[in-house]
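Biologist: I have just opened a structure that is new to me. Could you help me learn how to read it?

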Amino acid sequence: MVRMKIENPFLTRGYAGPEYFCDREAETKQLVAAIANGRDVTLVAPRRYGKTGLIHNAFRVLEKDHAAVYLDIFAMDDLASFVQAFSSAVAGRLDSAAGRIGRKLLSFFKSCRPTMTPQDDGSVVFSFDVAPSLAKATLKETFDYIASSGRKIVIAIDEFQQVRSFPEKGTEALLRSFIQFVPNAHFVFAGSKKHMMDEMFVSPQGPFYQSTQLMALGPIDATKYAAFAGKFFRKAGRPFAAEAFRHLYDRFDGITWYVQAILNRVWADGHGLDSAERADAAVENLVAESGSFFIDLLRSQTAAEQSLMKAIGREGVVEAISAGDFIRRNKLPAASTIRSAAAKLMERDLIYRTEGGYVIYDRLFGTWLGKL
Ligand SMILES: Nc1ncnc2c1ncn2[C@@H]1O[C@H](COP(=O)(O)OP(=O)(O)O)[C@@H](O)[C@H]1O
Ligand SMILES: [Mg+2]
């Protein structure tokens, strides 16, 4: 792998190796140990906490003796597109002798012939064009191919709750039925919608009930995060005040993406993190940049939903959404209207329920709403 020098050490997407990855040591060990010992894992946390990063960090370790396949299904909308991506990602990863790959692999796929594209490095990339009527058959063939290879493989399916919006009902049960018979493959199912993930993995009626190890991901420890961030600033001869970092961390409850995004801006502007004001100014800039997007987002909700979002934005956290004083204070419509607006907004990931109460899911949007 080519090691490139990174201009800005605070990534806001992707994974660039352990140097730019803060802590998660215990979580990485836990994930690696589960897979290495034959346990599938369900990883659940709201968006932006660092699930995808953690998977990649664990893959670095697992890749030593597993073929590792990562698949994000967030944008997929039916079984055929899922199978197409799944089979393409798996195919060709399990044979070692380059010359034999094609023939061995082709003998498994009867329902759908993969296209083979030779790469400059001598490897071959396979891609499948799956006809909807044959999607199940191709999926079964892919699992047969995995089982026959006998090689250890770890497959992470990110944003797994997306399978529940496929028009084909029961995709998760279908997967579970195949997975049971491939002892050499182990799975990480990651998801950001807790109630949907719970219905599949935690509910006794769910197809994966008690079949995986459940892992929740919290924020990175504040002290470790400060040490990680401080090291980059100091090495570059820039100031770094631990209290300023703490202010930033607390402002976003330590949620990784926000902390990264603000540090990225402060760094890009050539500054150090020298004061709380410096962090706040970067937040203001980021919120202002998204202003026109936030206006459109707000305006595309109903009137009741808009006033509820504005009220939550103003108050920050709302313990009881249909409480009389909250409604009066914010001149909101009747409690029943508010309850159904809240349900809709939660479904759309616009508001989110934490232990402390309801918050605006996107914290920058929340800041913007609070200032209207
Ligand atoms: N441990 C970490 N240290 C530094 N940056 C991280 C860490 N984990 C995640 N990130 C960064 O935070 C952002 C959000 O993380 P991501 O893994 O995409 O969250 P999720 O998958 O939970 O939505 C990404 O920019 C990622 O690069
Ligand atoms: Mg993710």
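Modeller: Gladly! Keep in mind that this is a predicted model. Let's start with a spot just after helix H3, where Gly 92 takes a positive phi of about 85°.

Biologist: How does the length of H3 compare with what its twelve residues should span?

Modeller: The general idea is to count 1.5 Å a residue.

Biologist: Which residues of H3 are buried?

Modeller: First, a general point: an α-helix has 3.6 residues a turn, so residues three or four places apart point the same way. In this helix, the buried residues are Leu 79, Ala 80, Phe 82, Val 83, Gln 84, Phe 86, Ser 87 and Val 90.

Biologist: And what do the buried residues of H3 pack against?

Modeller: Their partners are strand E2 (67-72), helix H5 (135-149) and helix H6 (171-179).

Biologist: Is Asn 57 buried or exposed?

Modeller: We count neighbours: a residue is called buried if 20 or more other C-beta atoms lie within 10 Å of its own. Asn 57 has 21 of them, so it is buried. Asn 57 sits in helix H2 and touches Tyr 15, Pro 18, Phe 21, Arg 24 and Thr 28, leaving aside residues up to four places away in sequence.

Biologist: Where is Asp 40, and what does Asp 40 touch?

Modeller: Look in the loop between helix H1 (25-36) and strand E1 (41-44). Asp 40 is buried too, because 20 other C-beta atoms lie within 10 Å. Setting aside residues up to four places away in sequence, Asp 40 touches His 186, Phe 187, Ser 211 and Thr 212.

Biologist: Let's step back. How is the protein chain divided into domains?

Modeller: There is domain 1 (24-216), domain 2 (222-289) and domain 3 (291-370).

Biologist: What surrounds ligand 1?

Modeller: A shell of 20 residues, of which the closest are Cys 22, Gly 50, Lys 51, Thr 52 and Gly 53. Helix H2 (51-62) and helix H10 (256-268) are the elements that give two or more residues to that shell. Domain 1 and domain 2 each supply at least three of the shell's residues.

Biologist: How many residues of each class does the shell around ligand 1 have?

Modeller: Sorted by class, the shell has seven nonpolar, seven polar and six charged residues.

Terms used: Residues are numbered from 1 along each chain as its sequence is written. Chains are lettered from A and ligands numbered from 1 in the order in which they are written. This is a predicted model: local features need pLDDT of at least 70, side-chain atom pairs count only at pLDDT 80 or more; totals for chains, interfaces and linings use all residues. Helices (H or I, at least four residues) and strands (E, at least two) are DSSP runs, numbered from the N terminus. The expected span of a helix is 1.5 Å times one less than its number of residues. A residue is buried if 20 or more other C-beta atoms lie within 10 Å of its own, exposed if 12 or fewer, and partly exposed in between; C-beta atoms are placed from the backbone. Two residues are in contact if their C-beta atoms, placed from the backbone, lie within 7 Å. Domain bounds come from an automatic or database domain assignment. A residue is near a molecule or strand if its C-beta atom, placed from the backbone, lies within 6 Å of it. Ala, Val, Leu, Ile, Met, Phe, Trp, Tyr, Cys and Pro count as nonpolar, Asp, Glu, Lys and Arg as charged, and the others, Gly among them, as polar.
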